[in-house]
Amino acid sequence: MNDENLKLKEMYISAVENQQKGNSEIAENLYKKILEEIPNHINTRSNLGALYAQTGKTEKAVELLQKVLKIEPNNINANGNLGIAFTQLIEYQKAIDCHKKVLQFDPNNADAYNNLGINYKHSGESDLAKEYFNKATEINPTHAAAYNNLGILLGALGEYEKAIIALKKCLEISPNFFKAQANLSNI
C-alpha cells in the first residue's frame, strides 16, 4: 500500500470515528477530502449521506445516497440510510420501499424492521407497525429503540399495560434512554 492510500485509509477511519463520536463537522470535512481523491468511494459516499441525514441535511443525504445506489443498487447501508432520510421528509412509502430492500439482502436486520414499524405507524398502519416492532425485538432482544417505539404505539392504542412492559424492557436494556423514561411517565 503506497503512502497516499495509507493516508486516505487513515482519513476514512478518522472520519468514521468522528461520526460515531458526534463530531459531525470534522467527519464531513474528512469524507469530502476523501471524495476529492476518490469520487466514487462507495463507503465514504454512504457514510456522508448518513451523516447528512443525522445532521438535518436531508435533501443532500437523499441526493448522495441515490448516487450510491446508482453505482451499487443493493448496498444495504445506503438503502437503510435513504429510508431514514425519506422518513424525515415524510415520504413514508419511499422509506418503506428502502427498508424492504434492506430485508431482501439481510432478512434478520432488526433496524430495518424497526424502521418499517416507524413508517407504518406514521402511515396509520398500526397493526403492521406493531408486527414490525415485535419482529425487531424478536431478532434482537436488546433493541431498546424498538421496545420504545412499540411502547409508544401500544400507549397510543390504549394498550397501557403492554406499553408499560415494552417501555420498562427498553429501560432495562438502556437505563439512560431518556425518551423512554419520558414515554413511560406519560403512560
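This is a predicted model: local features need pLDDT of at least 70, side-chain atom pairs count only at pLDDT 80 or more; totals for chains, interfaces and linings use all residues.
# Reading helices, burial and a pocket

Trainee: What span should the 13 residues of α3 have, at 1.5 Å a residue?

Mentor: The expected span of a helix is 1.5 Å times one less than its number of residues. For α3 that gives 18 Å, and the end C-alpha atoms are 18 Å apart, which agrees. The 14 residues of α8 (residues 126-139) should likewise span 20 Å, in agreement with end C-alpha atoms that are 20 Å apart.

Trainee: How many of the residues of α3 are buried?

Mentor: Buried means under 20% relative accessible area, exposed over 50%, and partly exposed in between, with a 1.4 Å probe and protein chains only. Eleven of the 13 residues of α3 are buried, so this helix is largely enclosed by the rest of the structure; among them are I42, R45, N47 and Y52. Across the protein, 43% of the 187 residues count as buried.

Trainee: With which residues is N47 in contact, leaving aside its neighbours within four places in sequence?

Mentor: Contact means heavy atoms within 4.5 Å. N47, which counts as buried at 17% relative accessibility, is in contact with Y12, V16, Q19 and Y31, once its neighbours within four places in sequence are left aside. E28 in helix α2 (residues 24-37) also counts as buried, at 10% relative accessibility, and with the neighbours within four places left aside, E28 is in contact with L48, L51, Y52 and K57.

Trainee: Which residues are buried in α8?

Mentor: In α8 the buried residues are A129, Y132, F133, A136 and T137. They cover an arc (taken from the directions from the helix axis to the C-beta atoms) of only 135° around the axis, which puts them on the same side of α8. On the other side of α8, D127 and E138 are exposed, while the cover over the buried residues includes α6, α7 and α9 (144-156).

Trainee: How many residues line the largest pocket, and which lie nearest its centre?

Mentor: Rolling a probe the size of a water molecule over the atoms shows where empty space is left. On a 1 Å grid over the protein atoms alone, a pocket is an open set of points where a 1.4 Å probe fits, with protein on both sides within 12 Å along at least five of seven lines, and lining residues have an atom within 4 Å of a point. The largest pocket is lined by 18 residues, of which G80, N81, I84, D111 and N115 lie nearest its centre, and α5 gives the most to this lining, with five residues.

Technical notes:
Residues are numbered from 1 along each chain as its sequence is written. Side-chain values use heavy atoms; hydrogens and water are left out. Helices (H or I, at least four residues) and strands (E, at least two) are DSSP runs, numbered from the N terminus.
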